[in-house]
Amino acid sequence: MDSPGYNCFVDRDKMDATIQDLGPKELSCTELQELKQLARQGYWARSYTLRGKVYQRLIRDIPCRTVTPDASVYSDIVGKIVGKHSSGSLPLPEFVDNTQVPSYCLNTRGEGAVRKILLCIANQFPDVSFCPALPAVVALLLHYSIDEAECFEKACRILACNDPSKKLIDQSFLAFESSCMTFGDLVNKYCQAAHKLMVAISEDVLQVYADWQRWLFGELPLNYFARVFDVFLVEGYKVLYRVALAILKFFHKVRAGQPLESDNVKQDIRTFVKDIAKTVSPEKLLEKAFAIRLFSRKEIQLLQMANEKALKQKGITVKQKRQFVHLAVHAENFHSEIVGVKEMRDIWSWVPERFALCQPLLLFSSLQHGYSLTRFYFQCEGHEPTLLLIKTTQKEVCGAYLSTDWSERNKFGGKLGFFGTGECFVFRLQPEVQRYEWVVIKHPELTKPVSLESTTILSSPCHSVSSDPADRLSPFLAARHFNLPSKTESLFMAGGNDCLIIETFENLFQKQKIRDFPGGTVVQNPPANAGGMGSIPGPGRSHMPWSN
């Protein structure tokens, strides 16, 4: 290799077989868009020397706090912190949460240097309380640093980034846990086949998704992780979600229909990621990742904010004694005349993760409250979100997840008006399990602009509507929860004195209604091809079993 100084911490024999120095040696690009394309294409991936130069440039340009520790600080403190301990026997900081330092072709000196750097970071960043991704980041940066002090400075700049629009790595348990919840929400939306497999084979799917960062920061082989990190430094945190989703898609493709290698799906995914070279190349992995039509960066940030808020409301801001904080549906705390615990867990896996923290609360049951819509509204208003379960006289079981309080219907002065958000969905459990969600999320080309006059949910007058399509938010997010312009949401629920309507296909199918007739409430079942329409509730048993 051309720069021996870059390799003083590296096992050269292993590196020669992993990342060869065959590519270009200079990069003249300065435009962000061009830099994005080059990063995705792997322009500097084949050049060990050029990658080091690019990392130096990209990390130098990160906007940081006024006082950010640099290489000179490391030189001043490392002797006091390490003392007489040998590098190999140094303990890791508590914030790495027992994460092991990935070898990444480092020699013994390199592995010891990672421990020293992590301890010095802990000394300079007392506010970093939970950061299991940091050992992998430091181990990679050490490859492209002349000495320990330079690596320390690079890692500090990543941690000290003060650009609110450019999130890099999680530094608290609250941020980490909300990222896991956000990833679960994204899997639920973009990897439905894989999600269905996870629900079927794992006892707690949320525990599986809580492992997503480990797939990237620890299990991915060095040449794969380096390619991901190349793009991450240019484009930010969203890249991590993309790659993790792509990994899950490939895992499902390879393992669907095959027996698991163990009874622990978490371990199976880790093994798959560690041996991913048997399945897909780094280029194909990134190609799959960027083929996903993911939400905008702004939408993901808002979803993460909502998940953080839910965790704070539950008092979950530091790591709990038990390993996972999610509250699932258990046989001892759930009873229904319509569904069993297994079916309820399937439904629970579809609910946005910030609400999966909550235990079910029964609000309305036709067995207890009858079939009056007035009574239905009375019992349910003031609660949000809610889950509706229906069993018809033909023994069909269906239902809907309702994101918005039914009291919103009162804003229309007794007339039928729509409200709600794109998080609403309808589903059926019998005769087969199927979920139907908002079709425009999957097919944005079907979206039509919503005029401000037709939007009925209040918004803050201090917010203006951007004309840039990249700044528009999908109706997946609840606009009124985030004080956003009303143009950003669509309408999915309606309730009048004589009917309820829930729709998830926008302007595609005839709406199905439930009307009051003498002798009870009658359901008009939707056509077989209109799977996105929900009809609520029928003359069979129905109840509203859950609310936040």
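Which residue takes a positive phi just after α2? In this predicted model, G42 does, with a phi of about 80°.

Step back into helix α2 itself, residues 32-41. L35, K36, L38 and A39 are buried there. The cover over the buried residues of α2 includes α3 (48-60) and α12 (222-235).

Now the overall picture. The protein has 21 helices and 12 strands. Of its 548 residues, 56% are buried. The accessible surface comes to about 24100 Å². Carbon and sulfur atoms own 50% of that surface. Among contacts between residues at least 6 apart in sequence, 74% join residues at least 24 apart.

A pair of rings is described by the distance of the centres and the angle of the planes. The whole structure holds 25 aromatic pairs. Y48 and Y144 make a tilted one, at 4.7 Å centre to centre and 40° between the planes. Y48 sits in helix α3, while Y144 sits in the loop between α6 (134-143) and α7. The two are 96 residues apart, so this pair links distant parts of the chain. Y48 counts as buried because its relative accessibility is 1%, below the 20% cut-off. Y144 is also at 1% relative accessibility and counts as buried.

F183 and W212 form a stacked pair: 5.1 Å centre to centre, 15° between the planes. F183 belongs to helix α8 and W212 to helix α11 (residues 212-219), so the pair ties together parts that are 29 residues apart in sequence. Both F183 and W212 are buried.

Helix α8 deserves a look of its own. It covers residues 173-190 and has 18 residues. From first C-alpha to last, α8 reaches 25 Å, close to the 26 Å expected at 1.5 Å a residue. Of its 18 residues, 18 are buried.

The charged end of K167 sits over the ring of Y237, 4.0 Å from its centre. The charged end of K288 sits over the ring of F250, 5.5 Å from its centre.

Finish at helix α7, residues 148-159, which contains E148. Is E148 buried or exposed? E148 is buried, because its relative accessible area is 13%, under the 20% limit. Its contacts include F9, A113, K116 and I117. E148 touches Y74 too, and their side chains make a polar contact at 2.6 Å.

Terms used:
Residues numbered from 1 in each chain as written. Predicted model: local features only at pLDDT ≥ 70, side-chain atom pairs only at ≥ 80, totals over all residues. Heavy atoms only, no water. Helix = DSSP H or I, 4+ residues; strand = E, 2+ residues; numbered from the N terminus. Buried < 20%, exposed > 50% of the residue type's maximum accessible area, 1.4 Å probe, protein only. Contact = heavy atoms within 4.5 Å. Areas by Shrake-Rupley, 256 points an atom, 1.4 Å probe, with all protein chains shown as cover. Polar contact = N/O pair within 3.5 Å; in protein donor to acceptor, adjacent residues only side chain to side chain. Expected span 1.5 Å × (residues − 1). Phe/Tyr/Trp six-rings, centres within 6.5 Å; stacked < 30°, edge-to-face > 60°. Lys NZ or Arg CZ within 6 Å of the ring centre and 35° of its normal. Lists of a residue's contacts leave out its neighbours within four places in sequence.
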